[in-house]
Amino acid sequence: MVHEHERVVRMVSELQNFLFSMGAMEIHSEIRETPECFFVSIKGNTRGNICRKLDKLRKLLRMPRQADMEEELWLLAGSVDYDTELSLVGMMTDSAEIRCDGEAGVVEIELLRKK
Amino acid sequence: MPGGNEPVVKTRDEANPQNAVYVILAGTFLSLALLSLLFDTPAGILQGLERIVTDPDYLITDYMGVGGVGAAFVNSGLVSLLFIGLLRCLRVQATGITIAAIWTVAGFSFFGKNLLNVWFIVAGVWLYARYRKEPFSRFVYAALFGTALAPLVTQILFGFNLPLAFRISLAVLAGLSIGFVLPPLGTAMMRFHQGFNLYNIGFVSGLVGSVYLSLFRSYGFIPASRLIWTTGQNKVLAPLFILFFAWQFLIGFLLNGRRFTGLSAIMGYTGRVVTDFLLLEGLGPTLMNMALGGIGSILYILAIGGDINGPTLAGVFTVVGFSAFGKHPRNMAPIVAGVVLGGLTKVWGLSDPPIQLAALFATTLAPVAGEFGIFWGIVAGFLHSSLVLNVGALHGGFNLYNNGFSGGAVAAVLVPVIEAIRSGRESDGS
């Protein structure tokens, strides 16, 4: 698959946009690459009522991996900040985990993308 | 704790049963092929198919006028069934874009795509996948939508005055080379309109078609304007397709447990790429939304005194297909209103053939209305109705998705302007 690194960078960018939209002022992201896959971890503080947005995130990241759709559409991930392409991120990953510390408002998202 | 801490489990969604999607698609287009017998005898259909395959078919060529209504139905049904078979063989998971691609191919098999001319481009995409050493299934949607340039192959095969062997070689070369360049261009051009033009490959095909036509022109080829447009079929075709889509709505309603749940959720999405209603809301609501798009489109054509024929059915089918991948009545209505506004103020009428098509296909810009609201949707439709009449000259009508070409340009020009105005207002605090 060509542009593998750029695809992962765009996934991270999309998630950063998402955390900004939830009021995050501090975002930490990490990418680890192994011969088989990429691990992406992104963590940010949030403000306000985030329940609905987290439910939406959960729904969109649940999309099954879709290599055929990804091939044509991956450049859209992280492209605008007023709309999300989280379903595309879902289609580009094999598993996802969302953790939320309700009291501190800290949200952590971990993704695994097989090569 | 908001949201909980459970992992997001990725499973094939129960609401999206793969077999059911393919069975419904196959059943739909098998029915379409069989409906041909209402209009013609098997012998007449065969003769009509021969004319469809061998006649030049660049814009606007209504296959109902070339080979008869029966042959056009068979051509549409068979081409769709062959592509459904191809997707199944490649084990492609059915999603909203699968439905959009098959319905679009079916629609354009009423004017421009046929049993012969589509395969050259598909083979070109396959060649690209081989070159990249990746599965063909990864690029299969570029192949399906890329058949927009199929009339170029027909033109070389049957429209040029050259020795047969040379024509065949040239047609193969053109088809393969088009197919080979479409996948990388499809990805790159998505950035141009940021997903606000649903017919992305239409935009790409417009550019590629313009390059090819320029080459042809350099060797003395002058494309003639063409308009084969049948009339007088409304009394038969309108009720037939309204029933067809009503049946589809009923299937969706039953699959959805006799509820409308999910349909209102669909109306809430902006529609910008990627908005896959099948994956997001399931098969039942998606089928109902598709049926609403189909019935609405037919009623619009009747309301403006238009014609139900091959080209307008292509528009209707494309609306139906993309109602699984971004379109719904709420985001389409402002776009159509923009075209209608153009009809009231510009020099052409709403029932002029290219404008009938423009109104249906302009809904490629539905995400503009979905994202930025009714006003900008109307502006997009208004601009599109003028631009689409001018961009066809660039590719000489060889790109069947002329509206996708125009829609890409409108979105690319309009969206940054809207963003700038909107962010200006936000910084003013207004």
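A: Both B:Phe244 and B:Phe245 are buried, a word that stands for under 20% relative accessible area, with exposed meaning over 50% and partly exposed anything in between (1.4 Å probe, protein chains only). The model is a predicted one, in which local features need pLDDT of at least 70 and side-chain atom pairs count only at pLDDT 80 or more, whereas totals for chains, interfaces and linings use all residues. Residues are numbered from 1 along each chain as its sequence is written, chains are lettered from A and ligands numbered from 1 in the order in which they are written, and side-chain values use heavy atoms, with hydrogens and water left out.

Rings of Phe, Tyr and Trp (its six-membered ring) are paired if their centres lie within 6.5 Å, and planes under 30 degrees apart count as stacked, over 60 as edge-to-face and the rest as tilted. By this rule there are 34 aromatic pairs over all chains. One of them joins B:Phe244 and B:Phe245, edge-to-face, with 5.9 Å from centre to centre and 80 degrees between the planes. The pair of B:Phe249 and B:Phe260 is tilted, because the ring centres are 6.2 Å apart and the planes stand at 40 degrees. B:Phe249 lies in helix 11 (residues 234-255) of chain B and B:Phe260 in the loop between helix 11 and helix 12 (263-267) of chain B, so this pair ties together parts that are 11 residues apart in sequence; helices here are DSSP runs (H or I, at least four residues), numbered from the N terminus. With 49% relative accessibility, B:Phe260 counts as partly exposed. B:Phe244 and B:Phe245 also belong to one aromatic cluster, whose members include B:Phe29, B:Trp103, B:Phe241 and B:Phe317.

In chain B, the charged end of B:Lys346 sits over the ring of B:Phe382, 4.0 Å from its centre, and in chain A the charged end of A:Lys115 sits over the ring of A:Phe38, 5.0 Å from its centre.

Another buried residue of chain B is B:Thr147, at 0% relative accessibility, which lies in the loop between helix 7 (140-146) and helix 8 (150-159) of chain B. Leaving aside neighbours within four places in sequence, B:Thr147 is in contact (heavy atoms within 4.5 Å) with residues among them B:Phe83, B:Val105, B:Lys113, B:Leu400 and B:Tyr401.

The backbone deserves a look as well, since most residues other than glycine have a negative phi, and most peptide bonds are trans. The peptide bond from B:Leu59 to B:Ile60 is cis, with omega near -5 degrees, and B:Ile60 is placed in the loop between helix 2 (42-54) and helix 3 (63-67) of chain B. A cis bond also runs from B:Val273 to B:Val274, with omega near 10 degrees, and B:Val274 is in the loop between helix 12 and helix 13 (277-281) of chain B. B:Lys133, which is not a glycine, has a positive phi of about 60 degrees; B:Lys133 is found in the loop between helix 6 (119-132) and helix 7 of chain B, and is exposed, with a relative accessible area of 76%.

Technical notes: Helix = DSSP H or I, 4+ residues; strand = E, 2+ residues; numbered from the N terminus. Lys NZ or Arg CZ within 6 Å of the ring centre and 35° of its normal.
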